[in-house]
Amino acid sequence: MQPARCLNCEQTILPEQKFCSQCGQKTDIHRLDFHYLVHEAVHSITHADKSIFNLLAKLSYQPGHVARNFLAGKRKRFLSPLNFYLIIIGVFVFLLSTFKTFEQPTNFAAWRAGISQIKDPIERDRKLQKIDRSENAMKFMSKNSNLVNLLAATPLVSLIFFVFYRKRAYNFTEHLVSNFYFSGFAASVFMLLIAPVINIFQSTNVYLTGIACFLLFELLYRSIAYYQLMNIKGTRHYLYALFASFTAVICWILLSRWVINTYIETGFKSFF
Ligand SMILES: [Zn+2]
């Protein structure tokens with residue numbers, strides 16, 4: 001039998017109501033049992049409409065449509081962009097802590113030996129500290145660069161697209177939310193296709209090729225996504241999206257290089 005009040009918010013409910021009119025909770029609520037747990041677990045991963053696999057499939061060929069529908073108000077059709085993005089970050093963190101990432105071999109020892117020949121102790125110390133920081137930066141980036149990419153590049157890329165499309169209807173948050181879908185999908189492609197190849201071969205050439213392929217993929221993917229999102233047909237409009245996407249990739253590369261180089265040169269001491 002259906003209760004007379006919503007078990008979640010106490011709102012009065014009518015006999016024919018399937019959901020509470022105030023909070024949206026189902027009116028037909030049972031005690032928790034093991035069946036509930038299994039059902040919820042299976043449901044949250046595989047339910048036809050809101051499963052992450054269904055979303056990934058759709059994002060592989062219609063990313064712009066998925067984002068546009070979400071912005072237009074179809075909020076329950078797919079897993080929400082923020083949830084999707086957080087799940088991808090979670091999987092990324094798990095993989096990074098489980099698998100050893102490829103490190104480009106660099107002979108820091110030989111570099112240090114060369115520096116130790118320098119007579120002036122102040123100059124020598126300065127250069128040795130710089131090598132320490134180079135080594136730190138490289139270790140950190142070879143382990144975390146993809147996570148940093150995912151976390152820091154998304155707002156930057158959204159800002160650049162916001163500027164490129166400032167005359168159109170979407171605000172910055174709408175761009176950011178759309179890019180949660182796009183960046184999340186690009187990161188899944190990296191995790192599923194590119195990272196395994198880099199890890200199997202463990203060679204600098206494969207690593208650099210893999211990164212280059214990924215940047216190219218991301219460039220094209222986001223341009224198509226934005227072309228679909230803006231929903232105006234025509235070569236000129238596609239080229240505009242491609243140019244915006246190219247600018248976003250270049251800005252991200254320049255900014256991240258600048259941050260790393262500033263760290264190596266100064267250790268950020270002049271900032272604090
Ligand atoms: Zn309620």
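How far apart do the C-alpha centres of domain 1 and domain 2 lie? They lie 48 Å apart. Domain 1 covers residues 1-30 and domain 2 covers residues 80-271, with bounds that come from an automatic or database domain assignment.

This is a predicted model, in which local features need pLDDT of at least 70, side-chain atom pairs count only at pLDDT 80 or more, and totals for chains, interfaces and linings use all residues. Residues are numbered from 1 along each chain as its sequence is written.

The helices discussed here are listed below; helices are DSSP runs (H or I, at least four residues), numbered from the N terminus.

| Helix | Residues |
|---|---|
| Helix 3 | 63-72 |
| Helix 7 | 172-201 |
| Helix 9 | 235-266 |

Helix 9 has 32 residues and should span 46 Å at 1.5 Å a residue, which agrees with the 46 Å between its end C-alpha atoms; the expected span is 1.5 Å times one less than the number of residues. Ala-241, Ala-244, Ser-245 and Ala-248 of helix 9 are buried (20 or more other C-beta atoms within 10 Å of their own, with C-beta atoms placed from the backbone). Just after helix 9, Gly-267 takes a positive phi of about 65°.

Helix 3 and helix 7 pack at an angle of about 145°, with their axes 10 Å apart. Axes are lines fitted to C-alpha atoms over the stretch in contact, and angles run from 0 to 180 degrees between N-to-C directions. Helix 3 contributes Pro-63, Val-66, Ala-67 and Leu-71 to the contact, and helix 7 contributes Glu-174, Ser-178, Tyr-181, Phe-182 and Phe-185 (C-beta atoms, placed from the backbone, within 7 Å).

Technical notes. Helices (H or I, at least four residues) and strands (E, at least two) are DSSP runs, numbered from the N terminus. A residue is buried if 20 or more other C-beta atoms lie within 10 Å of its own, exposed if 12 or fewer, and partly exposed in between; C-beta atoms are placed from the backbone. Two residues are in contact if their C-beta atoms, placed from the backbone, lie within 7 Å.
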